[in-house]
Amino acid sequence: MMRLSPLPPVTSRYLTVAEHPHPVLRSGTRRGFYQPRRGKDKESFQLDTTHTRPFRLRPLYPSKSTDARNPTTMASSAAAAPDSGRAALLKAFDESRTGVRGLVESGVSAVPDLFVHPEGPYASVPLAPPGVSIPVVDLSLPAPLAAAAAAEAARDWGFFYLVNYDAIVPSDYPARALAAVRAFHELPAPERSTHYGRAMGGGVSYSSNVDLFRSPAASWRDTIQLMFGPTPCETERIPPVCRSEIIEWEAHSAAVARAVMALLSQGLGLGKTALEETSCLEGKLMVCHYYPVCPEPDRTMGLVPHTDPGVVTVLAQDGVGGLQVKHTTEDGESYWVDAKPVPGALVINVGDLLQMMSNDTYKSVEHRVVMNSREEARVSVAVFYNPGKRGESVFYGPLPGLVSSENPPKYRSFTMSEFMGAFFKRDLASKALIEHFKL
């Protein structure tokens, strides 16, 4: 990763995890889910699934070939020439049905050009000076103090660590869910590929890059998506190896989201059920990301800079790391801050909908996942919460209790169908979603 010259030292009024006066619980979390480990870690391929031969991964283009069918040559020319060439490569990759993990299993030693992010994906904004961290919100504090801390973090950062949530989540979660998700993504290719598909059949899908055919460059990750609301998925479609843990974590994360929304509602000066009463807990999408080991981590990304579209996101991550949050100071300086894995901490962030519903009191900020050279894949599970009431007569926008003649609405009202339509018309990195609804 390219590192630019450090910015001047920054002092923060926020409490960091290291400075936290209360113990962060969950000390028994298993190594490998929150505890960092030490270690190290070009060709497109397709599945040979003919019944007359055993399953194997077969390169589409031989790695030693020097002709136009070499993956590097082919993908490079497709990126610069007709879109049809790139489209053919994307189609071949998708039809392999084993995702980025399949590329690694096939023995790639370089990032295929389909995944290369041009102009240095990490060069535009510098990294934060040492010691800068996203804030911490302690759920064991008295409610008024916790609400004030959550509101301040949501206003200034849009992100925070949530600690000491043991009263509502069993001590073996989210570690069990993370382990189960890893187990699925590391199944043998023939078993994993039977679940592959972009359609959310029964509310469940497993694929690589939800915006694969829309984004200018693919990212180094595979994902299971599960819809838990307003219409829940057919649980029998969840892969058996991770089914029970995913279902249990959905229930536990909902309890966390309820507690967080109560704090954020109070932080707006409203009743603690204000967001919940607007059905913001009823729309639920879980994404289980797997970021395989990458041979050239400085040439691609795990997740491009983006904002989340929903109200609140509850993120559990293992100990590998890679999440970064873009923070802009009061002086207008921006830098990327590592949201390092912290034992016993979840990561909470504000989505685009909450920024609009709070009338810009809270902010939805860009974040990304960078690749690393470790010998272990990264796993995370995010649950996105958004309004569940989707009728054409149900409108969303700034909450009524927040607007007045002194503080007029900054966004127009809209239905969820209009909102989701605007979201799916853009690629993940687009920043046009909030702008689409501004007055």
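The legends below describe close-up views of a predicted model.

**View 1. The open sheet of eight strands.** The strands follow the order β3-β4-β12-β9-β14-β7-β6-β5, and their pairing is mixed. At the edges lie β3 (136-138) and β5 (204-207), each of which pairs on one side only. From one strand to the next, the twist averages 20°. Strands of a sheet pair through backbone hydrogen bonds, in either a parallel or an antiparallel sense.

**View 2. Strand β12 and its two neighbours.** Strand β12 covers residues 345-350. On one side, β12 pairs with strand β4 (residues 159-163) in the antiparallel sense, over five bridges. Here Leu 162 stands opposite Leu 346 of β12. Strand β9 (residues 312-317) also runs antiparallel to β12, and four bridges join the two. Leu 315 has Val 347 of β12 as its bridge partner.

**View 3. The two faces of strand β12.** How many of the six residues of β12 are buried? Six of the six are buried, so the strand is mostly covered, where buried means under 20% relative accessible area. In a regular strand the side chains alternate between the two faces of the sheet. Ala 345, Val 347 and Asn 349 are on one side of β12, and Leu 346, Ile 348 and Val 350 are on the other. Both faces are covered, and these residues are all buried.

**View 4. Strands β7 and β14.** Nine bridges link strand β7 (residues 283-291) to strand β14 (residues 378-386), and the pairing is antiparallel. Within this pair, His 289 stands opposite Ser 380 in β14.

**View 5. Helices on the sheet.** Helix α4 (residues 143-156) lies across β3, β4 and β12. The helix runs at about 160° to β3. Helix α5 packs on the sheet as well, and touches β5, β6 (222-229), β7, β9 and β14. The direction of α5 makes about 115° with that of β14.

**View 6. The contact of helices α5 and α7.** Helix α5 (residues 175-185) packs against helix α7 (residues 243-267) at an angle of about 140°. Their axes are 9 Å apart, and the crossing is left-handed. Which residues of α5 meet α7? Arg 176, Ala 177, Ala 180 and Val 181 do, and in α7 they meet Glu 245, Ile 246, Glu 248 and Trp 249.

Key:
Residues are numbered from 1 along each chain as its sequence is written. This is a predicted model: local features need pLDDT of at least 70, side-chain atom pairs count only at pLDDT 80 or more; totals for chains, interfaces and linings use all residues. Side-chain values use heavy atoms; hydrogens and water are left out. Axes are lines fitted to C-alpha atoms, for helices over the stretch in contact, and angles run from 0 to 180 degrees between N-to-C directions. A crossing is left-handed if the near helix is turned anticlockwise from the far one by less than a right angle, and right-handed if clockwise. Contact means heavy atoms within 4.5 Å. Buried means under 20% relative accessible area, exposed over 50%, partly exposed in between (1.4 Å probe, protein chains only). Two strands pair if DSSP finds at least two bridges between them.
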